[in-house]
Each structure stands twice: as C-alpha cells, then as structure tokens.
Amino acid sequence: MRLLVLGSLAWLLACSGPPAPDAALCQDVVTRLCQARGCPGLNEQLALGTQDCQGTLLGRTACGEEEFAFSEPSRERFLFCRQPLVKRSTDPGKAPTCEEVATVVKDCPDVIDFMGGR
Amino acid sequence: MSWKPWVAATAALVVGCAPMQAERRVERGPVLRTYAKEEVLGQRTLAATAEARWPKLTLRLITSDVCRLEQREEYVENTITEHYEPSAAPAISGGAANAAVGLGLLLARPLFSNEPDRDAIDREGRYGASSRKIATGWGVALVSLGVPSLVTGVVQLLRSGEETQTRKADAVVSLREEACHPRPATGTLEFAGGPGAPPTPRTITDGVLELTADELLTMSFAGVLIDGEPAAMSDEDQELVSTFRLCSRVLAEPMTPEALAKEDVSHLQLVRKRVVGCKAISGAPAEDRLKLLDAALAAQGSAAPPPDEPEINSFEDAVAAHKPAWNFTADSEDLARLENAEALRGQAVVLRGVLERREEQNIAVVRVGEVRVLVFLDEERKWASDFPKGSRVELVGAVMGQQQLGELEAPLVRALWMRPAL
C-alpha cells in the first residue's frame, strides 16, 4: 500500500517542473497576445499601431529582461488573466481565439493597461 | 488531478487481490466393509404352515414384524479440491515486465536530463517536468503496478495444486422389506371360507393348532384368521390341508368288499384315485383300502390304472394317450351311435357341443346336435370348473354307458380333458 501511495505521488510530481520565472511568464503572455493581434479591437487596446508587436510589448513591460519581476499586476493576477489564453493548450505555438482574447480584455483591464504601457 | 492515484490504486487492487478458483470433485475409493441395517416398520404379518401326520393336521401360525433391511457399503471417499488461477501466468509475465521496465527506468535516472521542459509553461505557471522526473514517475508507477502483480502471480502459482480430503462414507446398495422376528401367534383363531357355518373359534396360546381327521370330517374352511387378521398360506400348504380334509372323508368311509362289489368300475376307479392321493400324507392308512379297491376292480374285470399312466396336461395329450375311436359333432354321421351308449362303453370319444347346464358340481349336460350327453368332470382337474353355461366345448372322454339322472337318461362320458371350442 505504501508503495502505491509513493507511486502515485511520484507520478503527480513528475508532471510538472519548477515555477517559471516572471520574465518567462510575461514573455509567454506577450507571445500569445501577439499571435491574436488580428482580433478586432486588440491592436487599439494595446496601442500598437503598425509597430512590431513582440518587440513593442517586451519593451513597454520590460519583461524581456532576465531580472524582470511582477509588481503591479502581481504574478498571481497575471496567472489568473493568462488562464483564458491557455484554456485549450499550453503549447506556445497555438494561438488563442479572438473570443479568449476578448475575455482577457474584458476581465483583466489592468493587464491590458500593463501591456499598453499605461 | 485527484483521479490518477485512485486509478493506480484500483488497478493494483484488482491485480493483487484476485481470488483463486477452485474445482472440487468427489472420487469413490475402496470399500471398507459391508453391513446390514434392520429397521422395524411397525407392521405385522401372519403366516401359517401346515404339517400333516395322520391322523393329525398341525397348523403353525407365526406372526412377524415387517423389517426394512438395508444392505450398506462403507467406503473411502476422496474429496479432491484443485486450486488454480488462470490469471497467474499473465500476472507474472505482465508484472515482471512492468517491474523490470520500471526498475530499469529508476536505475537509469542519472542518464536522463534534469533540466525542466522550458518549451511550455503550464496553467499554474510552472515549466514542464524534466526527463529525469518523468522517468522517475514512470519507473515508480511501473514498479508499483508490476511488483504486486508479480507477487500475486507467484503466490497464486505457489497456492495452485491439489488438496485431497479423505473420509468414510456409506451408501445403501440394496433395500428390501421382509418378515422378521418371527414368534408364535396367539389370540382367537377363526376359520373362514367354505360352505355352511364356520367352525367354532378357538383360542391359541403357542401358535399351534392341531386338528384330527375326525374333527376335520365336520369342518369346512378355506383359511384361518387370528384376531381378525388372515394368515397367509402357501399354495403347497393349502393343497396339503385340502388333501388332508378329503382324506379324512375318504379314509373314514366304511369300505367292505361286499359294498365295493356293488359299485361300478368308474366309481371304484375314482375312489381309488382319491385313496392314492392320501398316500402323500405320512402315516395315512391307504394301503389296506387300495388292496380292497384293486380286488374289487379285478373282480369286475378292470385292472387298476398302471402307476406309470401317462400324465395328461392338454387336449392333445388326451387324444394321443387314448386314441378316440369316434368323433361326435352336431353334423356327424355317427351321432346316432350315441343312442346305444352301452355298445360304446369303455371306448374313447371326442365330443364337440354346447355345455347346456350342470346337473351337479361334477356332472355337466353337453348337447351335441340333438343328442344330450352327461359328462362326468373330475373336480380335481383345474379345467373342470372353467366353463360357463352356453359355452362351446370340446372334450376327450371315455364312454361309461347309459345313465339315468333325474328325468334325463343319456349317455355318460367321463371327461379326460375338456376345453373351450371355437
């Protein structure tokens, strides 16, 4: 029985690795939003205009830097707002749908403001 | 997330706690002994045996219980229980494979990278597990599943086999009911059957009833009862009682040469036959009477029938033995010969006709065409009483002359054999 409990525990632990740094987490969100740049209203919300999405957002948020750390919004808030974007898959190559992006825009104006440099 | 450990635990339990299957068969071993068991059923039988020693007839009345007699066999019975588990082999092979792969993964952990999978971040914000962690997880899971399965399979394999339990058993091989515990019957003995009023009942205390020939002269009965229960008697004993009763009359009648000289031959032969029958009774005084009868028959020019006279058991036997000189039927041309029966005296004939009536128990009137014939039937022959009035009969007989019986004067024929005719 003890062996079974240990086995199950090991199985669970084996499913995930260490927490990702704040910079990596921020870059992941930037990548996903930029993949959905074509969604109605997102370009305006992020005030991108014709600029390069990835470079602009990383520049504004400074999360391109290794020592970046969340302050406002917090890491927990960021993780919460990221949920709709990874609802279908955590694969970074898979773009979120416009509906999922719209949910983020609606529910997390603080994150959009953070991305928009406001 | 919480379903994974339950799946793992359930799978392990299903494999590890599989019950053994068992097949049981019972084999019969050698017989140890046979024995009889007697059980009294609470019923009673009453039987009578007859013993004749002139001038006494002794009836022994025996009452018995009815017992059920069981013949039983005691033997060795082997109960063989065969334990086996068809899943033992798959459990061992599957468990060994899982355990081996899992152990291999655990042993090879240093060969896997400890770097987390940075390509993706999960919903909780964590990187994917490193290859080493995944290998460890799989290794532990496979060992967790494989080892119990392997142990279960080995245990089941060790528990497989035959277990024999031996015990003594017994079985009934035959069962019958029979009379047992015989003892002399006591009680009030009544006589039953026979014409007229039955003889006075008697009280017997030792199961023995002794009757003298003189007593039997005035008695007529077919069987006896004790306290209302009829006593069973074998055919032989019934015949012995009947013979003794007949002899008590035959041997008691006064017999003088003068009286015999007046009797006709057929009557003398009939009496002689009855006296000969009495020789079967030990001590019966038959020899003197036989000598008188033989002398009377010789005086009338008729010899006693030879002791080796052929036994007649059928119509055909009678025809073969007596070779009938005449064959009388309704349309026979020789029928007129019967009107002069004295001329046919002593000759064997065949008659075919209708039994019209019985004048006495042993005399029947048979009509052949328009001629009526008196037929003397020997009462002691089984066939003599089997013919209803109006039935067609055929018989082989010996003509004894003309006889007057009441108003009817007709030829008298002594039947040697008679049977129904078509």
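Helices (H or I, at least four residues) and strands (E, at least two) are DSSP runs, numbered from the N terminus. This is a predicted model: local features need pLDDT of at least 70, side-chain atom pairs count only at pLDDT 80 or more, and totals for chains, interfaces and linings use all residues. Residues are numbered from 1 along each chain as its sequence is written, while chains are lettered from A and ligands numbered from 1 in the order in which they are written.

Start by selecting residues 53–61 of chain A, helix α4. Its buried residues (20 or more other C-beta atoms within 10 Å of their own) are L57(A), L58(A) and T61(A). Look down the axis of α4(A): these buried residues fall within an arc of 100° (taken from the directions from the helix axis to the C-beta atoms), so they line one face of the helix. Just after α4(A), click A62(A), which has a positive phi of about 65°.

Hop to chain B and pick β3 (117–121) and β4 (126–128), an antiparallel pair with two bridges; strands pair if DSSP finds at least two bridges between them. I121(B) has Y127(B) as its bridge partner. In this hairpin, four residues sit between the strands, and G125(B) takes a positive phi near 85°.

Last stop: the open, antiparallel sheet of chain B, ordered β7-β6-β9-β10. Its edge strands, β7 (202–204) and β10 (229–230), each pair on one side only. Select β6 (187–192) to see three bridges to β7(B), with G187(B) partnered by I204(B).

Terms used:
A residue is buried if 20 or more other C-beta atoms lie within 10 Å of its own, exposed if 12 or fewer, and partly exposed in between; C-beta atoms are placed from the backbone.
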